[in-house]
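Welcome! Please take a look at the sequence and the 3D structure below, and then let us walk through some of the features together.

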Amino acid sequence: MLNFDYQNPTRIIFGQGSTSKLSRSVPPKARVLVLYGGGSVRRNGTLDDVLAALQQDGERHVAEFSGIEPNPTFETLMRAVQQVREEQIDFLLAVGGGSVIDGTKFVAAAARLPASEDAWSILESRGRVIKDALPFGAVLTLPATGSEMNAGGVVTRAATHDKISFSSRLLYPQFSILDPVRTYTLPTRQVANGVVDAFVHTMEQYLTYPVDARVQDRFAEGLLRTLVEIGPDAVAKPEDYDTRANLVWSATMALNGLIGAGVPQDWATHMIGHELTALHGIDHGRTLAIVLPAVMEVRREAKRDKLLQYAERVWDIRDGDADARIDAAIARTRAFFESLGVPTRLGDYQLGADAIDPLVAALEKHGMTQLGEKQDITPDVSRQILQAAL
């Protein structure tokens, strides 16, 4: 096991009716900005419940900022930063899924930058320039990214199609409210994407090379098996509370840092997937379903030991020689994504070989030239992965 330094300060308030506990988690005299996306939180009553809960006690100033996109843009978030400064906001509350929470993290950091400093520096530096941030909490409505219990985010600059990740230990939510009932009204597509996102988050931290991290491996394998078990029901039975509860908690645990402590991590699938979203507008979770099976195939020798472990412990594949078991594990992974209604080929999105050069060029532009757990996924290897995904 590798050395690690792990701390996660986010308080989790989990379960049906947990939104009612919101007021006690926000300072009683805070000036709060509630940030959210489109109209869904209004239509399903979540926003009304949040606003009512905030006024249960205390004398809070509560303002709203809406319109954070599924891939939050720098341009939109800077309008929120302006509102924070104008209204002297001192606490942020994200109500939504990973994009809203990611965007809120950016706002929390950007609002505390000196006025003379360009907030784009947060993204250019991947978060290294962050020295302070507003406190914030979250009310989760979409299980997928794990942003509700980690310190990272992804923001896109719409003008240039740059989609960039950032992180800082100052960007953990103070608390996150996870009520599985809040996910009942999600469209099937978003639920399926969320299952894939959680699955691939786990794989990025698991499918590398062995370092005798038995606790992390077994924990990751448990998450993967759980997602395989509940995925179809999560899509087909939207009001099955136990299924949704397990999905919400699986997605949170997949990326709160625990299974990634003391192990090598990959993240090539995500970096390549980000470019697919930025250039072609494909949902984030769906880009991961396209790229992961191709990564598994192209990197099968480098990942051989863990692929065989994955085949046996997640899919119960024990028969045949090593290559046959790896083939079967890749096929089962692809079939799982497809069973959720999530396509796994670039061709499913009318993208052919002519799309590959611009994607590789975008990776190079963003410095993504040494990807993977051994930093040996060069642009040429990324090209092979994209070719395998056609």
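## The sheet and its strands

Strand β5 (residues 136-140) and strand β8 (residues 175-178) run parallel to each other and are paired over three bridges. Two strands count as paired if DSSP finds at least two bridges between them. Strands (E, at least two residues) and helices (H or I, at least four residues) are DSSP runs, numbered from the N terminus. This is a predicted model, in which local features need pLDDT of at least 70 and side-chain atom pairs count only at pLDDT 80 or more, while totals for chains, interfaces and linings use all residues. Residues are numbered from 1 along each chain as its sequence is written, and side-chain values use heavy atoms, with hydrogens and water left out.

Within this pairing, Val-139 has Ile-177 of β8 as its bridge partner, and Leu-140 stands opposite Leu-178 in β8. Strand β8 also pairs with β1, again in the parallel sense, over four bridges. There, Phe-14 is found opposite Leu-178 of β8.

What order do the strands of the open sheet follow? The six strands are arranged as β1-β8-β5-β4-β2-β3, with parallel pairing. β1 (11-14) and β3 (61-65) are at the edges with a single partner strand each, so one side of each has no neighbour in the sheet. From one strand to the next, the twist averages 20°. Angles run from 0 to 180 degrees between N-to-C directions, and axes are lines fitted to C-alpha atoms, for helices over the stretch in contact.

In a regular strand, side chains alternate between the two faces of the sheet. In β8, both faces are covered: Phe-175 and Ile-177 on one side, and Ser-176 and Leu-178 on the other, are all buried. Buried means under 20% relative accessible area, exposed means over 50%, and partly exposed lies in between (1.4 Å probe, protein chains only).

Helix α4 (residues 98-110) lies across β2 (31-35), β4 (91-96) and β5, at about 165° to β4.

## Salt bridges

How many salt bridges does the structure hold? There are 24 salt bridges, each being a side-chain nitrogen of Lys or Arg within 4 Å of a carboxyl oxygen of Asp or Glu.

| Pair | Closest N and O atoms |
|---|---|
| Lys-365 and Asp-162 | 3.0 Å |
| Glu-221 and Arg-313 | 3.3 Å |
| Asp-357 and Arg-383 | 2.4 Å |

Lys-365 and Asp-162 form a salt bridge. Lys-365 sits in helix α13 (residues 356-365) and Asp-162 in strand β7 (residues 162-167), so this pair ties together parts that are 203 residues apart in sequence. Lys-365 is exposed, at 56% relative accessible area, whereas Asp-162 is buried, at 9%.

Glu-221 is in helix α7 (residues 214-236) and Arg-313 in helix α11, so the pair ties together parts 92 residues apart in sequence. Is Glu-221 buried or exposed? Glu-221 is buried, with a relative accessible area of 3%, while Arg-313 is partly exposed, with 27%.

Asp-357 has its salt bridge with Arg-383. This pair links Asp-357 in helix α13 to Arg-383 in helix α14 (residues 379-388), distant parts of the chain 26 residues apart. Arg-383 is partly exposed, at 26% relative accessible area.

Salt bridges with shared partners also join Glu-297, Arg-300, Glu-301, Arg-304, Asp-323 and Asp-327 into one network.

## A loop residue and a helix residue

Arg-299 is located in the loop between α10 (284-298) and α11 (304-315). With 11% relative accessibility, Arg-299 counts as buried. Which residues does Arg-299 contact, leaving aside its neighbours within four places in sequence? Its contacts are Asp-376, Ile-377 and Val-381, where contact means heavy atoms within 4.5 Å.

Val-215 belongs to helix α7 and, at 61% relative accessibility, counts as exposed. Val-215 and Met-149 are separated by 66 residues in sequence and by 20 Å in space, C-alpha to C-alpha.
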